[in-house]
Amino acid sequence: MLTKLYIKTYGCQMNEYDSDKMADVLRACEGMEQTDKPEEADVILFNTCSIREKAEEKVFSDLGRVRPLKQAKPGLLIGVGGCVASQEGEAIVKRAPYVDVVFGPQTLHRLPQLLQARRETGLPQVDISFPEIEKFDHLPSAETASGAAFVAIMEGCSKYCTFCVVPYTRGEEVSRPFADVMRDVEELVAQGVKEITLLGQNVNAYRGAIDDGDDIVDFAFLLQAIAALDGVERLRYTTSHPKEMTRRLIDVYANTPKLVSHLHLPVQSGSDRVLAAMKRGHTVLEYKSIIRQVRAARPDISITSDFIVGFPGETEQDFEATMKLIEEVGFDVSFSYLYSPRPGTPAAELHDDTPHEVKAARLKRLQDRITELENEVAQAMLGTVQRVLVEGTSKKDAQELAGRTDNNRVVNFRGSPDITRSQAMIGRFVEVKITEVVRHTLRGELVLSAS
Ligand code: SAM
Ligand code: F3S
């Protein structure tokens with residue numbers, strides 16, 4: 001009998017990637033099929049995030065909600081993975097004794113063994129160790145129907161920004177060997193994948209072993225090697241760190257057209273004082289200099305960022321400096337968050353006397369301005385013809401197709417009136433004329449059903 005798996009993912013793209021890998025590993029070892037209905041499932045997994053407090057709290061309320069399912073179906077197994085699991089470990093089972101397995105971001109490949117041990121012993125299983133890169137060696141090949149796929153090239157982070165839990169929950173930066181990454185990309189291309197997104201907490205810190213580990217190659221080398229593969233038509237990466245934007249990497253924008261005209265380069269703040277307190281390792285001037293160089297190499301590039309508002313001690317003047325940087329750079333679609341103190345991080349010890357209402361008002365002002373800028377970029381795209389990779393049908397209307405432009409904008413458009421021809425466009429590039437801006441997405445008309 002087919003067993004069913006339900007996974008709920010919290011947080012970042014890296015977690016979405018990890019959830020896909022959990023599904024792959026359980027499909028390969030236990031023949032499990034995914035369901036989107038928890039009440040149908042035999043195994044329920046929560047892939048958690050602890051970057052901000054809200055996401056963390058949500059896990060325990062969601063766990064409480066699936067508890068009655070276990071009473072109705074005693075064989076149901078419940079697992080907690082991801083960064084909350086990594087931080088809390090055994091404490092999760094103490095707080096929620098109906099949890100069967102707890103595993104970290106680096107031990108998800110051991111899920112079949114953990115579930116098996118739970119069934120055999122009747123005892124909850126906890127494994128939140130960091131066995132370095134072992135995870136990638138034990139994962140089955142990915143299967144994907146859409147033309148776009150993610151490939152993780154490194155794990156963890158060694159930057160230790162004072163506000164961030166990632167180095168503690170995911171461990172230090174570890175890069176996958178060059179040949180392993182290339183093999184994954186080649187397998188995906190053989191399945192018809194045309195767009196690859198390289199994934200990691202700091203992809204541009206990549207230092208991959210080559211030739212049996214005697215030499216190391218950098219991220220610029222890896223990008224060029226992947227772009228040189230026949231079948232790879234578009235290349236993206238996320239997330240990157242300003243400190244690792246080398247001249248060699250900037251040059252890739254000048255000589256590698258397959259690399260998209262979109263760079264997500266988190267800056268967090270436009271104040272040197274706050275950047276230093278965050279231990280980001282660069283100044284505002286250095287950040288602007290990188291952007292200037294990237295734009296010289298690729299004039300039409302869209303720059304996006306993450307911002308933290310209300311870091312301890314952020315003054316009105318510091319915040320104005322962030323607003324000034326936003327004007328100077330002209331950011332496109334960006335993410336911004338209120339600072340959330342994370343237990344165990346150095347910033348959590350800092351005195352913070354800015355009232356919540358002041359921080360919330362600053363965040364709103366920043367978000368409103370970014371939305372305006374984002375809208376200006378979208379308006380400038382009106383009437384242009386964009387190369388769109390069709391990723392599937394549109395979320396709101398199954399008659400419509402949805403895909404992404406080079407600068408990462410979602411476009412919805414009518415495919416062919418013939419549903420079979422329309423479906424055949426999924427996973428292919430088409431040309432779409434942009435006709436309308438609708439909040440965070442675009443609408444368009446099919447001009448050419450290309451490759
Ligand atoms: N590697 C990226 C970089 O260069 O900054 C960051 C990855 S982090 C997982 C994603 C984003 O979460 C950060 O850029 C930051 O804006 C936000 N973040 C991390 N810790 C936070 C905290 N304690 N409070 C609010 N936002 C936080
Ligand atoms: Fe976090 Fe800073 Fe690394 S934001 S993921 S410690 S670069």
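Predicted model: local features only at pLDDT ≥ 70, side-chain atom pairs only at ≥ 80, totals over all residues.
Gly383 takes a positive phi of about 85 degrees, and this residue comes just after helix H14. Helix H14 itself covers residues 356-381. Its length can be checked by simple reasoning: at 1.5 Å a residue, the 26 residues should span 38 Å, and the end C-alpha atoms lie 37 Å apart, which agrees.

Along H14, the buried residues are Lys359, Arg362, Leu363, Leu366, Arg369, Ile370, Leu373, Glu374, Ala378 and Met381. An α-helix has 3.6 residues a turn, so residues three or four places apart point the same way. The buried residues of H14 pack against one helix, H13 (316-329), and against a series of strands: E16 (306-309), E17 (335-338), E18 (385-393), E21 (429-438) and E22 (441-448).

Attention now turns to an earlier part of the chain. Here six strands form an open sheet with parallel pairing, in the order E2-E1-E3-E4-E5-E6. Strand E2 (33-34) and strand E6 (125-127) are the edge strands, each of them pairing on one side only. Within the sheet, strand E4 (residues 77-81) is joined to strand E5 (residues 101-103) by two bridges in the parallel sense. Val80 has Val102, in E5, as its bridge partner.

Two helices may be described together with this sheet. Helix H1 (residues 13-30) lies across strand E1 (4-9), E2, strand E3 (43-48) and E5, and runs at about 170 degrees to E1. Helix H2 (residues 53-72) also packs on the sheet, where it touches E1, E3 and E4. The direction of H2 makes about 175 degrees with that of E3.

A further region is marked by annotation. An unreviewed UniProt entry places the feature "binding site" at Cys157, Cys161 and Cys164. Cys157 is located in the loop between strand E8 (154-155) and helix H7 (166-169). Cys164 is likewise found in the loop between E8 and H7.

Are these two cysteines buried or exposed? A residue counts as buried when its relative accessible area is under 20%. Cys157 is therefore buried, at 9% relative accessibility, and Cys164 is buried as well, at 16%. Their surroundings can be listed with residues up to four places away in sequence left out. On that basis, Cys157 touches Val166, Pro167, Gly171, Glu172, Glu173, Gln201 and Asn202. Cys164, with its neighbours within four places set aside, is in contact with Ile51 and Thr345.

Notes. Residues numbered from 1 in each chain as written. Chains lettered and ligands numbered in written order. Heavy atoms only, no water. Pairing = 2+ DSSP bridges. Helix = DSSP H or I, 4+ residues; strand = E, 2+ residues; numbered from the N terminus. Contact = heavy atoms within 4.5 Å. Axes fitted to C-alpha atoms, helices over the stretch in contact; angles between N-to-C directions. UniProt positions renumbered as here; feature names shortened; annotations may be inferred. Buried < 20%, exposed > 50% of the residue type's maximum accessible area, 1.4 Å probe, protein only. Expected span 1.5 Å × (residues − 1).
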